Amino acid sequence: MDDAFDDEGGPSVTIGEYLEEVEERELEADLVLGGDDGKECTYSKGYMKRQAIFSCITCVPDGNAGVCTACSLSCHDGHQIVELWTKRNFRCDCGNSKFGEFYCKIFPSKDVENVENLYNHNFKGLYCTCVRPYPDPDAEEQIEMIQCCLCEDWFHEEHLGLESVDEIPRDDEGEPFYEDFLCKGCSEVCFFLKLYPEIILAAEKQPNAAVQASKDKGILEDKPSTCVSDKPLGNTSYNSPKMDEAQASVNSVSASDGKGLPQGGSCNGNIALSKCTEGTDLHVNCLLGVNIIATSPVKHDKPMFLSKNWRGALCKCNNCLEYYQQKRIAFLLDKDDSIVEYEKMAKKKREEKLQELEGAELSFFNKLGHVEKVEILKGIEEMKDGLRSFLESADSSKPITAADVHQFFDDIKNKRRRIE
């Protein structure tokens, strides 16, 4: 509360502004944590599709371990913690062999190692191709970064490999007009996405398109699969330079050796693959008309920006499914893997939690006797009257200071003591 009302002469905010800021911070935290209240270690849930993960540099300076929200709060309080936002297909490492003699306080019975967990330099607190920390202590201004949906590393806009940041697709208000982003390295693994012209947003600024994009923004967010097009993806008579380039390279050097894979999530087994395709219709004939397993990847010198609902457009024929499995990218078929769906789930949990709290408060009030109810309602009225008098008597030419607020509550307490 002290930060909300600075001393006289300093910046000031209204009570409404302060409450709005608190609400925004709580929502932002809930979106990152996915509605996790941080009370239980998530280890028993196995390799979760997506969850908030933290790295403890104090315990594992090599940066090859991650812990869940509850463990970051209970087991690593006061340690040097790196917030990694979210990671896919990850299981809490807290207290395993990587932590030496340190044991998890919440769930100590863990395997020696979580062999399916993947780590990158983010776990050391480093990001982007520039391998710098965030916040960067040497930077005059902290620049926003974009996360690759495959390797899950974060990149500064000026380090994406674009000639200008103006090439990033944005709407008329300057907001990102894409659902997901693929860095240059991951674009090679996902070269086949270039065969879906409908889901790739060109990395260039198109002012005229931006105006229309802004108008249609709300519609596109709820639009069905982007494979609905005037030119069906399965129609191989549709001539595309990228399609011709890919078809010309069939039977050339195979891309299926699995080398150089990005450190994304894994969906690499028949059971895992079936989970990734659960609830989706598999395709008998390839929508691309190209054997992407036998096709050498098309080299890209730029990242990819993917449109809304792009995952639903991907081919699910046996051949393409095999490629996804070989490259450990079958999670791209899973709509729930996306940050968009993760945040939707977080918002839903938040709403349910708030409703539950409101119900608990109402239930508590209804269980009180008549005298207790009257006392509470009387106290609320006294608070409202006192606050109204306080604001009316305040000098409108001066900001309300922390001392003023403390004095107000002291007066309320003293008044209650005199009545009692």
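The following dialogue walks through several features of a predicted model.

Trainee: What should I keep in mind about the numbering and the confidence limits before I read this model?

Mentor: Residues are numbered from 1 along each chain as its sequence is written, and side-chain values use heavy atoms, with hydrogens and water left out. Since the model is predicted, local features need pLDDT of at least 70 and side-chain atom pairs count only at pLDDT 80 or more, whereas totals for chains, interfaces and linings use all residues.

Trainee: How many residues does helix α8 have, and which of its residues are buried?

Mentor: An α-helix has 3.6 residues a turn, so residues three or four places apart point the same way. Helices (H or I, at least four residues) and strands (E, at least two) are DSSP runs, numbered from the N terminus. Helix α8 covers residues 339-367, which makes 29 residues, and it reaches 42 Å from its first C-alpha to its last, close to the 42 Å expected at 1.5 Å a residue; the expected span is 1.5 Å times one less than the number of residues. The buried residues of α8 are Ile-339, Glu-341, Tyr-342, Ala-346 and Arg-350, where buried means under 20% relative accessible area, exposed means over 50%, and partly exposed lies in between (1.4 Å probe, protein chains only).

Trainee: Which side chains meet in salt bridges, and what parts of the chain do they link?

Mentor: Side chains of opposite charge can pair when their charged atoms come close. A salt bridge is counted when a side-chain nitrogen of Lys or Arg is within 4 Å of a carboxyl oxygen of Asp or Glu, and a search of the whole structure finds 15 salt bridges. In one of them, the side chains of Lys-49 and Asp-336 meet at 3.8 Å, N to O. Lys-49 lies in strand β1 (residues 48-56) and Asp-336 in the loop between α7 and α8, so this pair ties together parts that are 287 residues apart in sequence. Lys-49 is partly exposed at 46% relative accessibility, and Asp-336 is partly exposed at 39%.

Another pair is Arg-50 with Glu-152, at 2.9 Å, N to O. This pair links distant parts of the chain, with Arg-50 in strand β1 and Glu-152 in the loop between β5 and β6 (154-156), 102 residues apart. Both Arg-50 and Glu-152 are buried.

Trainee: Which residues form the surface patches?

Mentor: Patches are made of residues with over 30% relative accessible area and no salt bridge, with like charges joined within 9 Å and nonpolar side chains (Val, Leu, Ile, Met, Phe, Trp, Tyr) within 5 Å. Glu-17, Glu-20, Glu-24, Glu-28 and Glu-83 form a negative patch, to which helix α1 (residues 15-33) gives the most, with 4 residues. Glu-20, for instance, is in helix α1 and is partly exposed, with a relative accessible area of 49%.

The nonpolar patch is formed by Phe-364, Ile-376, Leu-377 and Ile-380, with about 370 Å² of accessible area together. Helix α9 (residues 370-393) gives the most to this patch, with 3 residues; Ile-376 lies in α9 and is partly exposed at 35% relative accessibility.

Trainee: Where does the backbone hold a cis peptide bond, and which residues other than glycine have a positive phi?

Mentor: A cis peptide bond joins Tyr-134 and Pro-135, with omega about -5°, and Pro-135 lies in the loop between β4 (132-133) and β5 (145-147). Asn-309 has a positive phi near 60°; Asn-309 lies in the loop between β9 (304-306) and α7 (318-326) and is partly exposed at 23% relative accessibility. Arg-328 also has a phi near 60°, sits in the loop between α7 and α8, and is partly exposed at 27%.

Methods:
Accessible areas come from the Shrake-Rupley method with a 1.4 Å probe; for residues, only the protein chains shown count as cover. Lys and Arg count as positive and Asp and Glu as negative; His and the chain ends are not counted. The place of a charge is taken as NZ of Lys, CZ of Arg, CG of Asp or CD of Glu.
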